[in-house]
Amino acid sequence: MQIYWTKINKIIEETPEVKTYLLDRPKDFTWEEGSHTHFALEGFNAGDKPNRGLIRHMSISTLPHENSIGITTRIREQCSEFKTVLRNLEVGNEVAIFKTHSNVPLKREDKSVYLLSSGVGLATFRPLVLDYFERADNVNQIHSLNIDSSKDFLFTNVFESAPDKKFTSQFVDNRKDYYEEVKNLAADKDGLFYVVGSDEFLVQNIEVLREQGITPEQIMLDKREQQLPEFLSVELSI
């Protein structure tokens, strides 16, 4: 397994609680849209065993041509050991990345794509939208729906409706409006539905989509293949 040590080259305060850490891109490091990586802080591999408290699974919120690896995360006042260390890092500090993989690349199957996310889950979708803007081949349209109760919506410069590009973006701040909108979107019985958020959020979305007649094959989750049955083979509660 190759571990890439790299430096933070910029820290962007997206909202009062959300930061993007831009990392230098190692020469032979590449990835595709929808990728996540293991993001580790100094000292994680200092002992006999890796310190899992200093490692997190993070989505990459940039594309390779942006030439920085973007890691976007919410850091609350009360937070874990990992986030406490991360909050105190500065430009020039070193971090490690390894085991990079994409579970949710943009499918180009001549269908409409619906991106359903909660809060900072939007970071996973930013590269998909940018990839679509660069090359819209075999994608009918994209609609993004994000719920964030903080009302500090993320990446509003990218997630801005662009009718000429067949892209629409919607932000809501409460569950009732969010799930009503999911039901409306599920009227497209041929669409592809990408869902990113907490496990609880995934389960709730899958339930709503399945009730509307959307099949498991149409639902894309940012989970490894062996984890998918846990979420997608759940029988509908009648």
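1. Strands here are DSSP runs of E with at least two residues, helices are runs of H or I with at least four, and both are numbered from the N terminus. Arg74 sits in strand β5, residues 68–74. This is a predicted model: local features need pLDDT of at least 70, side-chain atom pairs count only at pLDDT 80 or more, and totals for chains, interfaces and linings use all residues. Residues are numbered from 1 along each chain as its sequence is written, and side-chain values use heavy atoms, with hydrogens and water left out.

2. Is Arg74 buried or exposed? Arg74 is buried, because its relative accessible area is 12%. Buried means under 20%, exposed over 50%, and partly exposed in between, with a 1.4 Å probe and protein chains only.

3. Strand β2 (residues 18–24) pairs with β5 through seven bridges, running antiparallel. Leu22 has Gly70 in β5 as its bridge partner. Two strands pair if DSSP finds at least two bridges between them. Five of the seven residues in β2 are buried.

4. On its other pairing, β2 is joined to β1 (residues 4–15) by six bridges, again antiparallel. The two strands form a hairpin with two residues between them. Glu13 stands opposite Lys19 in β2.

5. The largest pocket holds about 1100 Å³ of space. Of its 42 lining residues, Ser118, Val120, Gly121, Gly197 and Ser198 are closest to the centre. β5 is among the elements that give two or more residues to this lining. α4 gives the most, with five. A pocket is an open set of points on a 1 Å grid over the protein atoms alone, where a 1.4 Å probe fits, with protein on both sides within 12 Å along at least five of seven lines; lining residues have an atom within 4 Å of a point. Points are joined across faces, edges and corners, and volume is the space filled by probe spheres set on them.
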